[in-house]
Amino acid sequence: MTALLTIIVLVFILVAIWQMVKIFDLAQAKNENTQVATDKDNTINGYLMMGFLAFIYLITIVSFVKWGDLPLVSNSASEHGPTIDNLMLISMAVIFFVQTITQFLLHYFAYKYKGEKGKKALFFADNNKLEAIWTIIPVIVLAGLIIYGLNTWINIMGVDESDDPLVVELYAQQFNWKARYGGADNTLGKANVRLIDIDRANVLGLDEADPNAQDDVITTELHLPVGKPVLFKMRSQDVLHSAYMPHFRAQMNCVPGMITQFGFTPTVTTVDMRQTPEMQEKVTRINSIRVDKSKALVAKGEEALERYEFDYLLLCNKICGKSHYNMQMKIIVETQEEYDAWIQEQTVFKNTLIN
């Protein structure tokens, strides 16, 4: 009954508004038509366009000075990282250059050729020269960017097997990551989601009969030796995920039912990255914010936030479900000696099975 009365009231309100609009229209019927712009209106709009152009340029400059992290990208920690950064900078420079010119022409022409009483617009039905210019120039620029980008992609994806890369599997599932190392033979054993046996702790579905799987090592933390090429094999147990390692300029989809791969060479250890001035400044800034927030939490009887310490991270870059935001794994880049010592402490697959 309440819902019906609410609907009736809303209907009456709409009818009242409609009647008021009709009365307003009738009251304005004898007034002069104000929908036609006068020279004064056009002049004001012309100045407003130039003012808006100045605002665009001003806010762009302020944004660069106040929030810009020039040269926009930094802290790459892989061999191919600087090439990716360079490609990004070139693309941004081209976009910024074109945007600056086109915005100026758009607003300036709106001002210069504003409507005036008695002035008739002159136009050309077509202009082959202009059309050729604004077609050929973008084609050349875009072709250059595409060729450069494609060449960069080929160089990144063309992992040279003769370099004996470390083979690591990244296994994605809602909502965590696991890493699998090939063991002493650096060869991953066969695996299939149909072979997953939780009762025997075979959580990745490794083929227990495959000799290459016996010495595989499964971890929840990713360790990589600095300067060593790494070839990642990626699987997904359930939905589409994306293995994203921002500092290594690496990203590849993890697709259910197939194996994808990506390779790179880490160039900066975790310890060395923590010591860079830029990273120390970032950590100090974050901890300062956490201290301020912790005061409010402690005042309410809650625990203070832990201090932040930089770590490389493997993230999921696809919205894979309600806990997608929490799907990450720590990456530790270390010396070869430190990596060898760590891998020796890990338990091989055959010794993790429950009989």
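I began with strand β10 (residues 328-334), where Val333 is the bridge partner of Leu224. The model is predicted: local features need pLDDT of at least 70 and side-chain atom pairs pLDDT 80 or more, while totals for chains, interfaces and linings use all residues. Residues are numbered from 1 along each chain as its sequence is written, and side-chain values use heavy atoms, without hydrogens and water.

I then looked up the pairing of β4 with β10, which is parallel over 4 bridges. Strands here are DSSP runs (E, at least two residues; helices are H or I, at least four), numbered from the N terminus, and two strands pair if DSSP finds at least two bridges between them. From β4 (residues 222-225), Leu222 and Leu224 point one way and His223 and Pro225 the other, all of them buried (under 20% relative accessible area; exposed is over 50%, partly exposed in between, with a 1.4 Å probe and protein chains only).

Next I traced the open, mixed sheet of 5 strands, ordered β3-β2-β1-β5-β8. β3 (217-219) and β8 (260-264) are its edges; each has a single partner strand, so one side of each lacks a neighbour in the sheet. I noted that β2 (residues 176-181) pairs with β3 in the antiparallel sense over 3 bridges, with Ala179 opposite Thr219.

Phe109 is placed in helix α3 (residues 81-112) and is partly exposed, at 42% relative accessible area. Leu122 lies in the loop between α3 and α4 (128-157) and is exposed at 76%. I found Leu122 and Val15 to be 107 residues apart in sequence and 48 Å apart in space, C-alpha to C-alpha.
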